[in-house]
Amino acid sequence: MSGEVIERALDAAMGGGASYADVRTSEKRIESLSVKDGTLQGAESDLTAGFGVRVLVDGRWGFAASANSDPSDAEQAALRAVAIARASAIGGGSPVILDDTPPERGTYQTPFVEDPFAVSLDDKLRLLFDVDAEMGRVAGLTTRHATYGAVSEHKVFASSAGAHLEQDLVECGAGFTVTAVNDDEAQERTYPALGGQMVTGGFEAVRALDLVVHAQEISEQAVALLEAPQCPSGEMTVIIDSSQMALQVHESCGHPIELDRVLGMEASFAGTSFLTTDNLGVLQYGSSVVNIDADATAPGGLGTFGWDDEGVPAQNVPIVSAGRFVGYLTSRETAPIVGRQSMGSSRAGSWRQIPLIRMTNVNLRPGSAGSLEDLIADTDDGILLATNRSWSIDDRRLNFQFGTQIGWLIKDGRRAGMVRNPTYTGITPRFWGSCDAICGPSEWTLWGVPNCGKGEPMQTAHVGHGAAPARFRNVQVGVGRWG
Amino acid sequence: MGLNAEIILQAALDRVAGGWQAEAVFTNHDLSLTRFAGSRIHQNVSQTDATVRLRVERDGQTGVASTNRLDSDGLDDLARRAAAIGQKAAPNPDAAPLAGPPAEAVHSRIGWEASTAAADPVQRAEGARAVIAAGSQHGLEVSGAFSTESMHLAVANSRGLMSSHQGTTAKLLTVMMDGKGSSGYAQATSPDIDEIDAAAVGAEAAERGARSAGATDLEPGEYPVVLSEYAMHVVLEYLAEIAFSGLALLEGRSCMPLGERVMGDTVTIWDDGRDPSGLPAAIDFEGVAKQRVMLVEEGIGRGVVHDSVTAKRAGTTSTGHGLPAPNIWGPVAWNLFMAPGTTPRSELVAGMERGVLVTRFWYLSVVHSKRGLLTGMTKDGTFWVENGQIVRPIRNLRWTQSIPEAFSRISALSNTSQLILADYSGIAARVPAARIDSWNFTGATVAETDR
């Protein structure tokens, strides 16, 4: 996209009556590879480019997006956005007021060692076939599947206030899944997490996953789960592994701290939040060992960038401090409503879409409980739950039920045996209030979640969650009838 | 938009040389959406995008590329990238074969309405205003979205296939809340925006929202239920994944063995992409014409949908339910229908001695696919019924329930059905409301102060 597209769009929008306008152009390249059951199932290279124009006219939003890169199309899109904004006034209500974030100019590049798009296709496929071969050594699997993906995006943000920001973002990741099936059961194991692991960075992150090393053990677990006992039901002490903790943070903390949800702006689709504004700085969200922040500067996070899609610089802000709820994810429109400045979490899923409040890297800070083995040794009676399998939570993010792929009973500080189909359920603040131990930095991983859905039309965001294994007391485990 | 799909597809195919077979898929979406919350329009967007996806195949080697740069340079680059990948690809003997040309070419506009294609932001804003007015009369905070979309799918390949479908969708939904726990929902979906009665949608949600004020707790347990069409639709949406997919059946994770009784004899479900009373899509992403597929007939598992890959593995032919090939998801039943029963809708509740009336289910998840075990929450109007009368609203409940078990205990189906479009998956289904003798509620929602 040329600079002329940006200039013509901004000029047309302001000339058409906008009091504010911004333009985002994006060129995104995506590579995806998939090996299933010993054959190359998919190898794909995708390219998408376009721009979106967002305008405020008399305090009402309008937005139009187009893939056409001709400058005259930029003018048409801008005028379409202005017309849409004027129609927004029909609904009535109060006008939008943005915070006074100063316009910035600059560039940002994701740090990486090995450009994933410069690594040969042969090398990437060899890795996936090697993983597949290791999985294939284990008898009793029904399917095995190894995947790789990479994204590079060049995007430019410019506003009528004078901002001009260029960013080059690079992501890549990989993982594998095996299933084992018999007449009654269908068991799945994935590594390193459900859907694999994805980061901002280079191919060095994929090499560091050591997929081949773990393929056999994970595959054997899937087969063993077929004959494992059913997870018991009742209130138990649970230890939740790092990747499942990331999902727990995502659903029960990351979403309810989105200020647009809190203000009802997502009520018709994604839902609302129990963390209403009267709770800010007051509510004891969890126990004193619980500390959570939103860090868009964390190296390697899928929610790491230079500026968000409103031109606000990446920041690290506290969300939960010693268990107390102290911060929201905000945008330039919503932050002033709680007397704050945007902390830079307004992002769009693509050039076609408007920015919404999205998680950056919402991270549970590591604790002082040492390693996972230390934590198990410190637990007399409980269950270790690992790797997400199912997830459900109510529209206010209070009542959740999650399932994991595998569990191990803990007796007298040791793993006492594998169980299948584990589930657990709880109420968010009560659950986090029961957290009495979090493992230390050596167990902490920054996980990528590339499939977070929100908004209408629905957008998919790439977000991150750092977490270490953690222990919770008196949790309801084994939900439903399993006879 | 003035794009000529056939010319673009042919231009893409013409750029493939070197003995490759090729398939080109053109998709164009013009989507506009007016969103409201806090009883005002807060988001208002319009987007248009056309993409060509090129799949090349030679001796089992396959390469795929896509682009939305549809000029000559963009298509050159597209063909180069697809061939470059294909040349490096290991042969796959199970790769999706290119569909052959049908005896009669499919160029469908079933479900395309000029009224929807021409809808403008003022029309959508006026619809939003009507909904907001209905909620405001009851003192409810109103949120929702009014969208209009034109879709064009066209597929061509080097075997001579050229198929296309154009359709439109208008959808208006609203959630109305009082901020103290009450909530009401309504949705209307049609290919024709003129069929959307915004005031009626608003009135339906407002009535539910007002009625659900002052909800109290219900102890979790097994209760009879009446599920509205909204709740039934989302259950079918999940059955599409765990019961109606040819891939789920082949991989042994389906909860629906074929030829066996899996549900009660009142349950008949099929998929039909060409029925104008649904949201038609006459072809799939491989260009194959959609067949009507009987999935469950009087409670017996009868069939699953296939794409070219699962059909080949199963020794049958594609039913026209493929996503862009190759893919990991397998075929999808997008256009579901469940046969209505004989009970007037109003008598579903009237015929329940005691139990729960559910407006809507929320955030379902598959707990165990082979058992058909799902979990989710109730939402937007849940009521306790005694002696055939709604006696009080209740707070939302969590449930964990095997769907084949529940659908074996359906005691009545409404004699009407409603077309509903899913929020996340895009699966459309025309479904009746149902009364079911038992549903397993496994948890209650508590106030945030209850810790």
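**Interfaces between chains A and B and within chain B**

Between chain A and chain B there are 11 salt bridges, a salt bridge being a side-chain nitrogen of Lys or Arg within 4 Å of a carboxyl oxygen of Asp or Glu. The model is predicted: local features need pLDDT of at least 70, side-chain atom pairs count only at pLDDT 80 or more, and totals for chains, interfaces and linings use all residues. Residues are numbered from 1 along each chain as its sequence is written, chains are lettered from A in the order in which they are written, and side-chain values use heavy atoms, without hydrogens and water.

**Chain A against chain B**

- A:Glu333 forms a salt bridge with B:Arg40, with the closest N and O atoms 3.3 Å apart.
- Chain A brings 93 residues and chain B 84 residues to the contact (heavy atoms within 4.5 Å).
- About 7,200 Å² is buried between the two chains, 52% of it from carbon and sulfur atoms; buried area is the accessible area (1.4 Å probe) that two parts lose on being put together, summed over both.

**Domains of chain B**

- Chain B is divided into domain 1 (5–209) and domain 2 (215–444), with bounds from an automatic or database domain assignment.
- The C-alpha centres of domain 1 and domain 2 of chain B lie 23 Å apart.
- In chain B, 38 residues of domain 1 are in contact with 33 residues of domain 2.
- These domains of chain B bury about 2,700 Å² between them, 63% of it on carbon and sulfur atoms.
- B:Ile110, B:Tyr185 and B:Arg208 supply 20% of the area that domain 1 of chain B buries against domain 2 of chain B, more than any other three residues.
- One salt bridge is found across this domain interface of chain B.
- B:Asp423 forms a salt bridge with B:Lys171, with the closest N and O atoms 3.0 Å apart.
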